[in-house]
Amino acid sequence: MLTIKQITEDTDKVIRGLEKKHFANAKETIAKVLELNDQRRSAQNQLDKNLSEVNSTSKAIGALMKEGKKEEAEAAKARVAEIKEISKELQATMDKAAEDMQNLLYTIPNVPYESVPEGFGAEDNVVEKMGGMETELPKDALPHWELAKKYDLIDFDLGVKITGAGFPVYKGKGARLQRALINFFLDEARAAGYEEIMPPFIVNRSSMIGTGQLPKFEEDAFRLATKVSEEDYYLIPTAEVPVTNMYRNEIL
């Protein structure tokens, strides 16, 4: 997520980056972020001034009472009460501006690196480099979904019956291949020095926000309906979500 510091210090650069990604209403959205930030800062500044006045006035009340200046002391008390009421409204304004700004920032994507070319589709992609041997498929090569059906490796229809679209059932050699690939890559990663972990497949809302899944992909996420807790729980879309959130709110 873009930081407010990044947006305020490099506003034009951020807008250019968002426009390169064809983010709709980039200028208007960034302008709204800056406006909300100004509201938040203005309210915060006034709150700080009010707090300073309350502290100094409160100290003066005791001195006035000792000097027998009751009327002036009562006027000072009234002023403190007035400032506190005004501060409640300012606090509400500041909190609302901060919340609205944060929610808006969640919807803004990161900007691309400056060297990334602008494009409208796959045909605009630029090949930076290639390595290894490029496989040449025969003319009668079958796509993976036809191969899976031909050799009875994956049953898509059965997955739909059991759960729904996007949940295939791996069968026979297909299931064995899936399991073997998982073990192979985990073993290779461990041999390369990585630590193997098994995180939860269910995460809370903060974790989904932490990796940018929410609120952008809220409608595509699988949310769990539970009476166990008022917390929102979601099925993870990729291992990125729980693994990345192991270090959420930490500085490495």
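Asp-187 lies in helix α7, residues 173-191. Helices here are DSSP runs of H or I with at least four residues, strands are runs of E with at least two, and both are numbered from the N terminus. Asp-187 counts as partly exposed, because its relative accessibility is 37%. The cut-offs are these: buried is under 20% relative accessible area, exposed is over 50%, and partly exposed is in between, with a 1.4 Å probe and protein chains only. Asp-187 and Met-208 are 21 residues apart in sequence. In space, C-alpha to C-alpha, Asp-187 and Met-208 are 28 Å apart.

This is a predicted model, where local features need pLDDT of at least 70, side-chain atom pairs count only at pLDDT 80 or more, and totals for chains, interfaces and linings use all residues. Residues are numbered from 1 along each chain as its sequence is written, and side-chain values use heavy atoms, with hydrogens and water left out.

Now the backbone. Most residues other than glycine have a negative phi, and most peptide bonds are trans. His-22 is not a glycine, yet its phi is positive. Asp-152 is not a glycine either, and its phi is positive.

Where is Pro-215 found? Pro-215 is in the loop between α8 (205-210) and β4 (223-224). The peptide bond from Leu-214 to Pro-215 is cis. Its omega is near 5 degrees.
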